[in-house]
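Please look over the sequence and the structure shown below before reading on. The briefing that follows is grouped by topic.

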Amino acid sequence: MTRPRKITPYLNCGAGYSFALASRTNGGMLLNPAIGAEIALRGKLQLLLNAGYEFQELERLKGYSDDHFSVEFRERLNHHSIVLRAGVLF
């Protein structure tokens, strides 16, 4: 949205749905907004730096049994993370 400069700020947002590869596990919503800067190095080479927040849902079935009883329950997890990324664009 702006002309390229030595340092160009940007906003980024990733959203989607995660799929679990393990059995008895379901994926969930994934959201990752971030803010960053694109730094021109040489020619077309650029350094990308950003910081953001990541939220992910996950659901899995857990169970326990012994000689006297057996129980199964559903565990819902929400992961909240701070994300720092660095990359090179060429």
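**Briefing on the predicted model**

Arginine 42 is exposed, with a relative accessible area of 67%, where buried means under 20% relative accessible area, exposed over 50% and partly exposed in between, with a 1.4 Å probe and protein chains only. This is a predicted model, in which local features need pLDDT of at least 70, side-chain atom pairs count only at pLDDT 80 or more, and totals for chains, interfaces and linings use all residues. Residues are numbered from 1 along each chain as its sequence is written, and side-chain values use heavy atoms, with hydrogens and water left out.

**Overall build**

- The protein chain has 0 helices and 5 strands, and its pattern along the sequence reads β-β-β-β-β; helices (H or I, at least four residues) and strands (E, at least two) are DSSP runs, numbered from the N terminus.
- The radius of gyration of the protein chain is 21 Å, whereas a compact globule of 90 residues would have a value near 12 Å; the radius is taken over C-alpha atoms, and the globule rule is 2.2 Å times the number of residues to the power 0.38.
- Taken along the principal axes, the box filled by the C-alpha atoms of the protein chain is roughly 70 × 20 × 15 Å.
- Of the 90 residues in the protein chain, 18% count as buried.
- The protein chain exposes about 7,400 Å², of which carbon and sulfur atoms supply 59%; accessible areas come from the Shrake-Rupley method with a 1.4 Å probe, and for residues only the protein chains shown count as cover.
- Among contacts (heavy atoms within 4.5 Å) in the protein chain between residues at least 6 apart in sequence, 50% join residues at least 24 apart.

**Salt bridges and charges**

- Side chains of opposite charge can pair when their charged atoms come close.
- A search of the whole structure finds 5 salt bridges, each defined as a side-chain nitrogen of Lys or Arg within 4 Å of a carboxyl oxygen of Asp or Glu.
- One of them joins glutamate 72 to arginine 24, with the closest N and O atoms 2.8 Å apart. The pair links distant parts of the chain, 48 residues apart, since glutamate 72 belongs to strand E5 (residues 70-89) and arginine 24 to the loop between strand E1 (7-17) and E2.
- Glutamate 72 is exposed, having a relative accessible area of 52%, while arginine 24 is partly exposed at 45%.
- Another salt bridge brings together the side chains of glutamate 59 and arginine 76 (3.3 Å, N to O). This pair also links distant parts of the chain, glutamate 59 being in strand E4 (residues 46-65) and arginine 76 in strand E5, 17 residues apart.
- Arginine 76 is exposed, with a relative accessible area of 61%, and a network of salt bridges links Glu59, Arg74 and Arg76.
- Arginine 60 forms a salt bridge with glutamate 75, in which the closest N and O atoms are 2.7 Å apart. Arginine 60 lies in strand E4 and glutamate 75 in strand E5, so this pair ties together parts that are 15 residues apart in sequence.
- Both partners count as partly exposed, arginine 60 with a relative accessible area of 29% and glutamate 75 with 22%.
- The mean positions of the 11 positive and 8 negative charges of the protein chain are 21 Å apart; Lys and Arg count as positive and Asp and Glu as negative, without His and the chain ends, and each charge is placed at NZ of Lys, CZ of Arg, CG of Asp or CD of Glu.

**Strand and loop positions**

- Most residues other than glycine have a negative phi, and most peptide bonds are trans. Arginine 24, a residue other than glycine, has a positive phi near 60°.
- Threonine 25 lies in strand E2 (residues 25-26) and counts as buried because its relative accessibility is 18%. Leaving aside neighbours within four places in sequence, threonine 25 is in contact with Ala20, Leu58, Glu59 and Arg60.
- Methionine 29 is found in strand E3 (residues 29-40) and is partly exposed, with a relative accessible area of 39%.
- Not counting residues up to four places away in sequence, methionine 29 touches Gly16, Tyr17, Phe55, Gln56 and Glu57. Methionine 29 and glutamate 57 are 28 residues apart in sequence, and their C-alpha atoms are 5.5 Å apart in space.
- Arginine 42 has its place in the loop between E3 and E4.
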